Amino acid sequence: MRLIKLILGIAFSILTYFFIQFLSEPQTIGEGREIPPVGNLMNPFSGVWANAEPTTFVPEQNMAFDALDGEVNVHYDERMVPHIFADNTKDALFVQGYVTASQRYFQMDISVRSTAGRLSEVLGESILDRDLKQRRKGMVFAAENAVREWMKNEESKELLGAYVDGVNAYVNSLSPADYPLEYKLMGFEPEEWSILKTAIFVKAMAYSLAGRHLDIEATNSLKRFTKDTFDYLYPEYFKEETPIVPIDRKNWAFKAEKVADDKIDNDIDSYFDYKNYDNPPAGLGSNNWVVSGSKTKSGDPILCGDPHLGLTLPSIWYEMQINTPELNAYGVTLPGIPFVIIGFNEFIAWTQTNVGHDVTDLYQMTWKDKTKMEYLYDGEYKKVELRVDEYQVKGLGTIRDTVRYTVWGPVTYENPNGMEDDLAYQWLGHHGSDKNEITTFYELNKARNFDEYYKALNTYNVPAQNYAFASREGDIALRVMGKYPLKEEGQGRFVRDGSLSSSGWKGFIPKEHVPFVKNPPQGFVSSANQHSTDPSYPYYYNKEKFEAFRGRIANRLLSEKEVFTVQDMMDMQNSNYCLKSEEAFPLMMQYLDEAEQSANPGVMTLLKNWDYTYRSDSKAATFFNAWWSNLHNEDLWDEMETEPYPLMRPSWIRTIHLMRDVPESIFFDDRRTDEAETINDIVTKSFKKAIKEFGDDIPKWSDFQNPTIYHITRSIPAFNRTPEVGGVHSALNAQTHVHGPSWRQIVVLGDEVKAFVSYPGGQSGNPGSKYYDDFLDTWANGKYYEAMFMISEDDHAEGMIARQIYSKK
């Protein structure tokens, strides 16, 4: 039945069957993208039918490869989670690569093509502009630099090579009939994996989590307003903040490095009308927390984590266990990267959230002449390095594009009409790392205690992550780990003068000075993308907007309750309660015109009975969200919409502070009208817009937000899913239209480690498989599976449904 629905969905996405006379020719779908003839898809030997899977998973039983040194057994549990048992780590990674590719290779392939700017090779000219922008961000350049550093470590070289060999053993075993369905639909073939592709995948994750910047918008805003007004609208810290490192830690146990203050002014003459190159979306974040045994019913530490990312099918994560004589790790992997990335072993557990410090800066270039071959740098002209990229565009052949590289990085924003306002792009991810993130995960998978966890993280750089930790020994900790530029106060918020070396970073914060907390008196640690520290931390760091609500509600809940159970942790992860609404709603009601309230008694009853919870069936949540969006995005910050160049919108928390503390502010006047509006006028105007939008038919929240988990291509509707879920960005269950909790993990570190997990999707990347999305309902309903963590191959034998044996040929 699944396959029949799948085929019907594809058929209707392409064309109606009765146009049989055209089936011998290629057709197009969406944005002019070419697809192969439907007749090829319906071929009974190599078409879509070949991708049908039996309802019971039956993998190939025995395989032999020259690359293996010994035998590797893979046990699959009833959820199709592979448990890999090997005599050595190299063999385990070979099989990890093979198994992952067998379920997720199209996902791996298309993700890397997208990051590297190679989609036009298979999709044609319609996607070429996006490819050009991707390459101008220097993603492959960054990956090449990473590979050079990785290859300096012989152990990393061997282990990465084993993983790549395993992936390619699978890829090279495929006949056209075996190709994943998407290759058949899109009309191209899989190609071999490489260590460079793993690096590209790593850089893709780094960019999505540490590539966001608003330098252009902030520079324009600084020029548009006075410095005092800018600081007033965009403060870098607020008094209610509950930072990751508890606020009472005033005495930092180190002597801070002295940072040169070169007093580079920000008097940039230009307004920049560039739009950011696919700036990673705002709000990508996560939650994690650890409760010590002193606050749990069992007396054991409990670690919880749920990274919030863009949700796709296949899911971004692939669940797995890897067991060798030196490690026994369970959790989720990223298809394309070896080892367990988030998870636990017999001794410790770890999970990450995004730090989000700004490690991306833009520099205005001063060219010698119109050729743009030399730029001013410390009083002399320096030659650019040219990188000529070739594109094999489907239907067009070879196209070349030249990117200029400077001491800062690639010239990403270029004025086609002159020499002025070109911007070079410096990103920490471009730098050849002095550390090795792959080694980090190897060491974490092996770690047995706090000291080994701490040491493992010393090799980690980018993207910076808040690594939460718990051990069976009872320790809990959180380390704000990454590589951070040394900056003078305010550096990184605005476009800088690229002609001066003093505009650049001043070095890097020593790893031993990176914030961390271990076994705090409060009995818990937590992070939710808020400030890492309070202002007493002796190093400057910045971010466009630190998360203002989730961290505070997590810390409130963890402080208020004395004893926690696993169910309490599940309830917290699935909490739809919104602190932003708790703080904004009473203020908006205070300033809403009484006549408008009287004219809409039904809406008033709905709102006054609301508990600030974004349940999937809540109509009050829908109405308030529209009211708030009108206020914050249109009516209050109208200046952001009337200028011809992009400006930076103040944060949600700043809007709340203005309503609470400065209701007479001039910013409540809508400058698009002749009248002088007050806060009452603006709040009421926003309310009226929401009334007009919905009338008497307010949809429930899930229907309004329309959470959608798109297939990774975003162009095949039959492969998408639309779960009915609650949640909102500023709730712990931080769900949006396309983002949400991508993996939920709760680990109890007792004598026997237990874990409860879920994620929105399934293990298979094949839309024709029942394992494509079989976890989705469990996740959407806030439920969990107990992980089958095997200490030996005999554990949970009754829960295993299949076994593969890999041996040396």
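Two strands pair if DSSP finds at least two bridges between them. Helices (H or I, at least four residues) and strands (E, at least two) are DSSP runs, numbered from the N terminus. Everything below comes from a predicted model, where local features need pLDDT of at least 70, side-chain atom pairs count only at pLDDT 80 or more, and totals for chains, interfaces and linings use all residues. Residues are numbered from 1 along each chain as its sequence is written, and side-chain values use heavy atoms, with hydrogens and water left out.

View 1. Look for strand 13 (residues 360-364) running parallel to strand 22, with 2 bridges joining them. Gln 364 stands opposite Asp 497 of strand 22.

View 2. Zoom in on strand 4 (residues 72-77) and strand 5 (residues 82-86), an antiparallel pair with 5 bridges. There, Val 74 has Ile 84 in strand 5 as its bridge partner.

**View 3. Helix 19 meets helix 21.** The axes of helix 19 (residues 619-636) and helix 21 (residues 652-661) come within 11 Å and cross at roughly 90°. Axes are lines fitted to C-alpha atoms, for helices over the stretch in contact, and angles run from 0 to 180 degrees between N-to-C directions. The two helices are therefore roughly perpendicular (65 to 115 degrees). Trp 628, Leu 631, His 632 and Leu 636 of helix 19 meet Trp 652, Thr 655, Ile 656 and Met 659 of helix 21. By class, that contact has 6 nonpolar, 2 polar and no charged residues.

**View 4. Tyr 234, a buried loop residue.** Tyr 234 is in the loop between helix 11 (227-233) and strand 6 (285-291). Its relative accessibility is 6%, so Tyr 234 counts as buried (under 20% relative accessible area, 1.4 Å probe, protein chains only). Leaving out residues up to four places away in sequence, Tyr 234 touches Ser 221, Phe 225, Arg 493, Met 640, Met 648, Arg 649 and Pro 650 (contact means heavy atoms within 4.5 Å). A polar atom of the Tyr 234 side chain lies 2.4 Å from the backbone oxygen of Met 648.

Methods
Parallel < 35°, antiparallel > 145°, perpendicular 65-115°, else oblique. Nonpolar A, V, L, I, M, F, W, Y, C, P; charged D, E, K, R; others polar. Buried < 20%, exposed > 50% of the residue type's maximum accessible area, 1.4 Å probe, protein only. Polar contact = N/O pair within 3.5 Å; in protein donor to acceptor, adjacent residues only side chain to side chain.
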